[in-house]
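The following exercises are to be worked with the sequence and the coordinates at hand. Each task is followed by a solution in steps.

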Amino acid sequence: MASPGPGGAYSSGSSSLQNSASGSEGDHVMELRKRKRMQSNRESARRSRMRKQQHLEGLSAQVDQLKKENNQITTNIGITTQMYLKVESENEILRVQMAELSNRLQSLNEIINYINSTNNNHNLFQEIHYFNDCGFMEDTWNSPLSINQSIMASADMLMY
């Protein structure tokens with residue numbers, strides 16, 4: 001039966017039909033919104049997957065670059081180690097040579113000190129005796145130190 005409407009007037013059942021029609025339009029709008037939201041979510045997920053894929057590709061490229069750099073550094077370390085060992089070996093040789101030369105220098109300095117102390121205590125020329133070809137002792141005035149003096153002879157000397 002008819003029920004009173006808002007103004008107290010009775011209306012037929014057409015309002016319930018309107019409500020169901022508007023309800024069906026509301027359901028249709030809700031369905032459209034739901035589909036639109038699902039489509040938007042799909043697009044957002046697709047963009048997110050693409051960003052994730054790009055990030056993963058970037059990380060893979062970075063890993064490759066770091067591996068390459070690591071290999072270069074490892075190679076450089078090997079070369080540097082070889083050079084270090086070579087230089088260390090050469091340094092050891094030089095240390096041994098330096099020790100040997102230091103010992104020689106010390107010996108020569110000892111000899112010089114001995115000669116100098118002998119010169120200071122005794123006149124070296126008085127200590128040294130020179131011998132001629134026949135084995136006779138010469139005096140220091142005729143020593144080989146004065147051998148560079150020229151000898152002059154004259155015809156008068158040979159007449160006697």
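**Confidence of the model**

The mean pLDDT of the protein is 77, and 61% of its residues reach 70 or more. The model is predicted.

**Exercise 1.** Determine over which residues pLDDT stays under 50, and how many contacts beyond four places in sequence the model has there.

*Solution.* 
Step 1. One such segment is residues 9–17, for which the model has eight contacts beyond four places in sequence.
Step 2. Another is residues 140–153, with seven contacts of this kind.

**Exercise 2.** Describe the secondary structure and the order of its elements along the sequence.

*Solution.* 
Step 1. The protein comprises three helices and four strands.
Step 2. Along the sequence, these follow the pattern β-β-α-α-β-β-α.

**Exercise 3.** State what percentage of the residues count as buried, and what area the protein exposes.

*Solution.* 
Step 1. The protein has 160 residues, of which 1% count as buried.

**Exercise 4.** Locate Tyr114 in the secondary structure, classify Tyr114 as buried or exposed, and identify the surface patch to which Tyr114 belongs.

*Solution.* 
Step 1. Helix H1, which spans residues 14–121, contains Tyr114.
Step 2. The relative accessibility of Tyr114 is 59%. The cut-off for exposed is over 50%, and therefore Tyr114 counts as exposed.
Step 3. Together with Leu108, Ile111 and Ile115, Tyr114 forms a nonpolar patch on the surface. The accessible area of these four residues together is about 430 Å².

Technical notes: Residues are numbered from 1 along each chain as its sequence is written. This is a predicted model: local features need pLDDT of at least 70, side-chain atom pairs count only at pLDDT 80 or more; totals for chains, interfaces and linings use all residues. Side-chain values use heavy atoms; hydrogens and water are left out. Patches are made of residues with over 30% relative accessible area and no salt bridge: like charges are joined within 9 Å, nonpolar side chains (Val, Leu, Ile, Met, Phe, Trp, Tyr) within 5 Å. Accessible areas come from the Shrake-Rupley method with a 1.4 Å probe; for residues, only the protein chains shown count as cover. A salt bridge is a side-chain nitrogen of Lys or Arg within 4 Å of a carboxyl oxygen of Asp or Glu. Helices (H or I, at least four residues) and strands (E, at least two) are DSSP runs, numbered from the N terminus. Buried means under 20% relative accessible area, exposed over 50%, partly exposed in between (1.4 Å probe, protein chains only). pLDDT is the predictor's confidence in each residue, from 0 to 100. Contact means heavy atoms within 4.5 Å.
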